[in-house]
Amino acid sequence: MGLSYPLAKDAHSALFSDENTLCATQAQAFAAADARVSLITEWLKPPKEDIEAALDKADNARANGFVHVYEDKEGDTVFAITFWKAISNEEAKAEDAKINEEKAARAEENTDDIYFTRPDKRRERFGLSVRKPRVRKADPRQFDLFPNPGMPTPEDPPKPRKKK
């Protein structure tokens, strides 16, 4: 079964909402609210006299996946409730600006750029621990497959030295 979230103005009304306000997608919530919506999570700590009713509603709501029940340090029950909340035009503009900033930051920097085309930026970003690759010297005992002219090869080994 998929997750469905209620359309509400706060966590308390989301917990005590009926099945008709549940929306699985943002498009459904937008159509039901006739306003822009955002999926948010709020913590709810009901008073002791309302805890039984809240636990009964939370047990029914767990099937839809929008309520999680926890305990705080004192042992009191705390609910994490996720719901669709209608947002104002100012909040919508701020949310759009944040999304556009994140898109611009992702477009500006690419992992390939950091690691392959701009190693100086990589060193700048990750510090001096990222150094230029070390070039190892060849082992002098290793045969050279393409020796300089006049040097011995495996096919033409050096001649033994004569003692005088």
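Colleague: Why is the contact between Asp76 and Lys45 called a salt bridge?

Modeller: In this predicted model, the side chains of Asp76 and Lys45 meet at 3.6 Å, N to O. A salt bridge needs a side-chain nitrogen of Lys or Arg within 4 Å of a carboxyl oxygen of Asp or Glu, so the pair qualifies.

Colleague: What does the pair of Asp76 and Lys45 tie together?

Modeller: Asp76 is in the loop between E4 and E5, and Lys45 is in the loop between E3 and H3, so parts that are 31 residues apart in sequence are tied together.

Colleague: Why does Asp76 count as partly exposed?

Modeller: The relative accessibility of Asp76 is 21%. Buried means under 20% and exposed means over 50%, so Asp76 falls in between. Lys45, with a relative accessible area of 47%, is partly exposed by the rule for values in between.

Colleague: What makes Asp72 and Lys45 a salt bridge?

Modeller: Their side chains meet at 2.8 Å, N to O. That value is within 4 Å, so the pair is a salt bridge. Asp72 lies in the loop between strand E4 (67–71) and strand E5 (77–86), while Lys45 lies in the loop between E3 and helix H3 (51–61), so the parts tied together are 27 residues apart in sequence.

Colleague: Which residues are linked in a network of salt bridges?

Modeller: The network links Lys45, Lys48, Asp72 and Asp76. The structure holds five salt bridges, and one of them joins the side chains of Arg36 and Glu95 at 3.5 Å, N to O. Arg36 is in the loop between helix H2 (26–33) and strand E3 (37–44), and Glu95 is in helix H4 (residues 89–108), 59 residues apart.

Colleague: How do you know that Arg36 and Glu95 are partly exposed?

Modeller: Arg36 has 28% relative accessibility and Glu95 has a relative accessible area of 26%. Both values lie between 20% and 50%, so each residue is partly exposed.

Colleague: Why is the aromatic pair of Tyr5 and Trp84 called edge-to-face?

Modeller: The planes of Tyr5 and Trp84 stand at 85°. An angle over 60 degrees counts as edge-to-face, so the name applies. The rings are 6.1 Å apart, centre to centre, and the limit for a pair is 6.5 Å. Tyr5 lies in strand E1 (residues 5–6) and Trp84 in strand E5, so the pair ties together parts that are 79 residues apart in sequence. Both Tyr5 and Trp84 are buried.

Colleague: What makes the pair of Trp43 and Tyr70 tilted?

Modeller: The planes of Trp43 and Tyr70 are at 50°. Trp43 is in strand E3 and Tyr70 in strand E4, 27 residues apart.

Colleague: Are Trp43 and Tyr70 buried, partly exposed or exposed, and why?

Modeller: Trp43 has 58% relative accessibility, which is over 50%, so Trp43 is exposed. Tyr70 has a relative accessible area of 41%, so Tyr70 is partly exposed.

Colleague: Why is Ser17 called buried?

Modeller: The relative accessible area of Ser17 is 15%, which is under 20%, so Ser17 is buried. Ser17 sits in the loop between helix H1 (11–15) and strand E2 (22–23).

Colleague: What makes the approach of Ser17 to Thr21 a polar contact?

Modeller: The two side chains are 3.5 Å apart, and the limit is within 3.5 Å. The side chain of Ser17 also reaches the backbone oxygen of Ala14 at 2.8 Å. Beyond its neighbours within four places in sequence, Ser17 is in contact with Pro6 and Lys57.

Key: Residues numbered from 1 in each chain as written. Predicted model: local features only at pLDDT ≥ 70, side-chain atom pairs only at ≥ 80, totals over all residues. Heavy atoms only, no water. Helix = DSSP H or I, 4+ residues; strand = E, 2+ residues; numbered from the N terminus. Buried < 20%, exposed > 50% of the residue type's maximum accessible area, 1.4 Å probe, protein only. Polar contact = N/O pair within 3.5 Å; in protein donor to acceptor, adjacent residues only side chain to side chain. Contact = heavy atoms within 4.5 Å. Phe/Tyr/Trp six-rings, centres within 6.5 Å; stacked < 30°, edge-to-face > 60°.
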